[in-house]
Amino acid sequence: MAGINILDDSTINKIAAGEVIERPVSVVKELVENSIDSGAANISIEIKGGGIDYIRITDNGSGIERADIPKAFVRHATSKIRSIEDLMNIASLGFRGEALSSIAAVADVELMTKTAGSILGYRYCIRGGREMSFDEAGVVDGTTVIVRNLFYNTPARRKFLKSAATEGSYITELVEKLILSHPDISFKYVINGSVKLASDGKGDVTSDIYSVFGRDIINRFAEVSYTSENCTISGFAGKPETARGNRNYELFFVNGRLVKSRVLSAAAEEAYKPYLMLHKFPFVILYLDIPPELLDINVHPAKTEIRFMEERLVYLAVADTLTRGITRTELIPQAVTVPESPAPAPAQEPPVHVPEPFETRKVQDYQEMAYTGYREAVRQEMPVQETLFSEGFLAEENKPKHRIIGQVFKTYWIIEFEDKMYIIDQHAAHEKVMYERIIKEVKRGKVTSQLLSPPVIVSLNASEEAALHDNINVFEEMGFTVESFGGREYALTSVPAELFRLTEQDYFLSIIDDLVQNNRIRDPMEVKDRIATMACKAAIKGNTAITFAEADALISELLSLDNPYNCPHGRPTIIAYSASDLDKMFKRIV
């Protein structure tokens, strides 16, 4: 066995830097958080070469006193806490005292700072953890930190960085979130000499969303709010049409800190579950204010992970807030007018998304574990939501004003109302109506059954037999009657009425398969996905002609549902075109 060595300080600092400073975006995050903690109202961020070559952060905060400047670059030197007890009441973004020392260990760092009461400021240079110079300088109030040649002395780490364009895209994403998290601070972001982003710092979140995501997104958000003794929530819930293919647009800010949290993501996805297709994730921007003593932010050196002392209550609050916001908004997607093709953009390397550790999990991993109990609590404890439509296409009093134009392609029905044309997919609409009927019957415990004559005979292996016996009450509550037929064969003598004359055997076996895979299912509502499949099989197919009377009855029942917008698999049932959309398409207006 080799001898045990005590590492020198330089090596220790370089190793420690890897935990805090993974890439240029980590440098920007840590330095900007220091600027925010200093009370700055204006922060400028400038990068060159994707932040690998050059990063400059300038603020008008409180500055650093002369005696404290060298201390700031010592590991675990911080002004934010004094003892372990302070970790339970942290109000600042930074507190670990590792950022500046970690950055200085792997880069050339120049710091210029001046406090408001000083005549002159100071310029301090440190390279690879070694002080190079420390002089008086004529600088303005606040602090400027310049970082050059990141990872110059750790070539292995530098080799694994992406291209400058890709590393720069990570920083851009961070700055967007910083703008959203602190609307009271004016940010200016410059890339290679050109201003990329800017915010005015006037506290208007809507204006910041506009500057980050563009003009159109505001019209596709519903504003939400919630207040309790230990939690205040505000923000915006995107309509289902804004859904994305990853969790990058689930934005949660806790006490001004951008965080990643399984609790918050699971709650948001539960609220959106009836409205989104599989593998789609909501676009939400939520601001939570929670007493610091009810949080643990000392989970990881990057400080993006967080734990709540009362996870269940936070879960319920977020799910309730988003559910209320969604159910009080008309969610029919507005068809977007196709613009003229722009000139092709110069080719550039697409940004590579580096997932956070938890993003690699499947949706089931996210929402199972302890959160299964939370989801049940949501159903039992959250107040029943009433969909409030006092005007518009779905309002009861406006239904007589709907004018059914007709069917096209034997699949879609066109309805005119006021200045819009609504297109309804008859298969998706019928699928949703049937699904809701079955769900209501299951919830009431009164599923209508249909006798099969002759019975359908199925053969089960040992594990399937055990699953059937363990869950026979679930099958009975869903409308199945299953009797032994000798050996390992069983007779289906009755099935749910909505399933009659369809693939009864396939559906029954698909539920058995789920039971074998997931062990015991104690609640029929846990096989919702199979109920959705059943509704899909039973629904009117596309390319099928139906009468006006049948269409009218179907549309009326669809629009009476609490959520008529999506089929059980998340596909839209209704889309809308405004008269102005059509005018633009036909060049009647420009």
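**Entry 1: a helix pair to start with**

I am working with a predicted model here. I began with helix α7 (residues 262-272) and helix α8 (residues 311-327), which pack at an angle of about 35° with their axes 8 Å apart. I looked up the hand of the crossing as well, and for α7 and α8 it is right-handed. On the α7 side I listed V263, L264, A266, A267, A268, E270, A271 and Y272, and on the α8 side E311, V314, Y315, V318, A319, L322, T323 and I326. Sorting the residues of this contact by type gave me 13 nonpolar, 1 polar and 2 charged.

**Entry 2: a closer look at α7**

How many residues of α7 are buried? I found 10 of its 11, and I noted the helix as mostly covered. The buried ones include V263, L264 and S265 at one end of my list and E269, E270, A271 and Y272 at the other. I then checked how the helix begins: S261 caps the N-terminal end of α7, with a side-chain oxygen 3.2 Å from the backbone nitrogen of V263.

**Entry 3: L322, from the α8 side**

I picked L322 next, which lies in helix α8. Its relative accessibility is 0%, so I put L322 down as buried. Beyond four places in sequence, L322 touches A268, A271 and Y272, and also A237, V284 and L286. For Y272 I looked up the C-alpha separation too: L322 and Y272 are 50 residues apart in sequence and 7.9 Å apart in space.

I moved on to helix α11 (residues 426-444) and helix α16 (residues 548-559), whose axes are 9 Å apart and meet at an angle of about 55°. The two helices are therefore oblique to each other. Is the crossing of α11 past α16 left-handed or right-handed? I found a left-handed one. The contact is made by Q426, A429, H430, K432, V433 and R437 of α11, together with L554, E557 and L558 of α16. By type, the residues of this contact divide into 4 nonpolar, 2 polar and 3 charged.

While I was in α11 I also looked up I438, which is found in that helix. I438 counts as buried because its relative accessibility is 5%, under the 20% cut-off. Along the sequence I438 and M534 are 96 residues apart, and their C-alpha atoms are 9.5 Å apart in space.

**Entry 4: E167, a charged residue to check**

Is E167 buried or exposed? E167 has its place in helix α5 (residues 164-181), and at 0% relative accessibility it counts as buried. I looked for a polar partner and found the side chain of R23, in polar contact with the side chain of E167 at 2.8 Å. R23 is also one of the residues that E167 is in contact with beyond four places in sequence; the others are P24, G50, I52, L161 and K162.

**Entry 5: two loop residues**

S199 lies in the loop between β8 (194-198) and α6 (205-213). With 9% relative accessibility, S199 counts as buried. The side chain of S199 reaches the backbone oxygen of I185 at 3.4 Å. Leaving out residues up to four places away, I noted that S199 touches I179, I185, S186, F187 and D208.

N246 lies in the loop between β10 (232-238) and β11 (250-254). I read 31% relative accessibility for N246, so this residue counts as partly exposed. The side chain of N246 reaches the backbone nitrogen of N248 at 3.0 Å. I also looked up P282, which is 36 residues from N246 along the chain, and the C-alpha atoms of the two are separated by 8.7 Å.

**Entry 6: the whole chain**

I kept the totals for last. The protein chain has 17 helices and 22 strands. Of its 590 residues, 48% count as buried. Which share of the contacts with a separation of 6 or more comes from residues 24 or more positions apart? I noted 70% for the protein chain.

Notes
Residues numbered from 1 in each chain as written. Predicted model: local features only at pLDDT ≥ 70, side-chain atom pairs only at ≥ 80, totals over all residues. Heavy atoms only, no water. Axes fitted to C-alpha atoms, helices over the stretch in contact; angles between N-to-C directions. Helix = DSSP H or I, 4+ residues; strand = E, 2+ residues; numbered from the N terminus. Parallel < 35°, antiparallel > 145°, perpendicular 65-115°, else oblique. Left-handed = near helix turned anticlockwise from the far one by under 90°. Contact = heavy atoms within 4.5 Å. Nonpolar A, V, L, I, M, F, W, Y, C, P; charged D, E, K, R; others polar. Buried < 20%, exposed > 50% of the residue type's maximum accessible area, 1.4 Å probe, protein only. Polar contact = N/O pair within 3.5 Å; in protein donor to acceptor, adjacent residues only side chain to side chain.
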